[in-house]
Amino acid sequence: MLILAGCGSSVPLIPAAPVGPVNSPAEAQALLMACLDAHGGKAAYARLHDVNVRFDSHWSSVGPRLQPKLSDTGFREGSEERYLSGGSNGGWIVGQSHHGPKGEKFVGRTTGGVTVWYNGLESADAEAKAAASLVTDAYSMFVFGPDFFVRRGAALQKLTAGGDVDGDACDQLLAVLRPGFGLSTEDRVVLSIDRRTHLLRRVSFTLNALESTRGAEVHVDLSEHQRLAGVMFPTRFYEHIDRPVSLDAHRWQLLGFDVNRGYMAADVAGPVFKGKAAAPAKGR
């Protein structure tokens with residue numbers, strides 16, 4: 001690890017530029033709205049009462065060792081996830097049912113906080129709960145893309161330097177989230193928005209919710225978008241740790257998807273899915 005600490009990432013540092021809590025510059029707002037429209041538009045997202053997904057999960061051999069609580073690979077080799085509209089800041093109430101070689105893990109993330117169960121037993125581990133809340137918030141960003149930032153009222157700034165993802169030119173927005181992911185007071189995200197299609201191709205972000213990850217930066221590439229229920233959702237995801245070292249971390253893909261079953265918050269609160277939330281997400 002000490003040898004790897006000298007390896008730099010090709011992804012630039014996330015800017016620490018001050019961004020006000022309101023009155024984001026008009027150019028930045030226009031770029032985010034163009035991205036939202038490319039993904040289906042405000043009305044299409046508003047029609048989603050609940051979104052139900054199934055993911056697989058493939059971890060690198062080294063990256064998760066830097067962030068064991070966050071990765072929790074013994075329980076995160078695949079998941080069934082439920083997103084119910086109506087969470088804090090107009091966001092999503094989230095239930096995640098994970099499985100792995102050590103058994104089953106369930107995370108319930110609501111407006112009141114987060115609860116974690118391992119193999120049916122509720123955990124009192126504060127760090128495990130903080131890590132789980134960070135993961136549920138980050139996955140809401142991966143799944144819902146531009147809608148996540150609109151709902152959270154992120155403060156925005158268009159960056160003068162663009163970038164590219166897999167050779168495709170992108171415009172870049174700095175989004176400041178207050179509160180940040182999980183229990184963090186603030187996190188910063190750089191959105192890479194395809195200049196031609198206006199789809200969100202990458203999110204680079206800070207991880208301030210845990211003492212063990214504070215100062216770290218990662219990026220997740222979002223690819224193979226498909227129009228599902230009127231919205232362009234990414235179906236493949238690749239995570240790379242950029243700092244303090246440069247390492248592959250995680251790959252996953254969407255295996256199942258359906259929407260609007262009509263369940264309620266109690267059905268995804270844990271320790272298992274109930275009622276209409278219980279059936280597996282339909283295969284794609």
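Predicted model: local features only at pLDDT ≥ 70, side-chain atom pairs only at ≥ 80, totals over all residues.
**Pockets, cavities and buried residues**

Colleague: Which strand supplies the largest share of the lining of the second largest pocket?

Modeller: The second largest pocket has a volume of about 260 Å³ (the space filled by probe spheres set on grid points joined across faces, edges and corners). Its lining has 18 residues, and Val 11, Pro 12, Gln 172, Val 190 and Ser 192 are the closest to its centre. The largest share of that lining, 3 residues, comes from strand E9.

Colleague: How far can the model be trusted, and over which residues does pLDDT stay under 50?

Modeller: Residues are numbered from 1 along each chain as written, and side-chain values use heavy atoms, without hydrogens or water. The chain averages a pLDDT of 91, with 93% of the residues scoring at least 70. The stretch that stays under 50, although the model has 11 contacts for it beyond four places in sequence, is residues 1-8.

Colleague: Which element gives the largest share of the lining of the largest cavity?

Modeller: The whole structure has 3 cavities of 30 Å³ or more, a cavity being a set of points where a 1.4 Å probe fits but cannot get out. The largest cavity has a volume of about 180 Å³, and of its 20 lining residues Trp 59, Leu 70, Arg 76, Val 135 and Glu 239 are the closest to its centre. Two or more lining residues come from each of helix H3 (63-66), helix H4 (68-71), H5, strand E16 (236-243) and strand E17 (247-259). The largest share, 5 residues, comes from helix H5.

Colleague: Is Leu 191 buried or exposed?

Modeller: Leu 191 has its place in strand E11, and its contacts (heavy atoms within 4.5 Å) beyond four places in sequence are Leu 32, Phe 149, Asp 171, Gln 172, Leu 173, Ala 175, Leu 200 and Arg 202. Ala 209 is 18 residues away along the chain, and the two C-alpha atoms are separated by 20 Å. Buried means under 20% relative accessible area, exposed over 50%, and partly exposed in between (1.4 Å probe, protein chains only). Because its relative accessibility is 0%, Leu 191 counts as buried.

Colleague: Asp 194 also lies in strand E11; what is its relative accessibility?

Modeller: Asp 194 lies in E11, which spans residues 187-194. Beyond four places in sequence, Asp 194 touches Asp 168, Ala 169, Cys 170, Leu 199 and Arg 201. Asp 194 counts as buried because its relative accessibility is 3%.

Colleague: What is the relative accessibility of His 98?

Modeller: His 98 lies in strand E4 (residues 92-100). Leaving aside neighbours within four places in sequence, His 98 is in contact with Phe 75, Arg 76, Gly 78, Ser 79, Glu 81, Gly 103, Glu 104, Lys 105 and Val 107. His 98 counts as buried because its relative accessibility is 4%.

Conventions. pLDDT = per-residue confidence, 0-100. Helix = DSSP H or I, 4+ residues; strand = E, 2+ residues; numbered from the N terminus. 1 Å grid on protein atoms, 1.4 Å probe; cavity = no way out; pocket = protein on both sides within 12 Å on 5 of 7 lines; lining within 4 Å.
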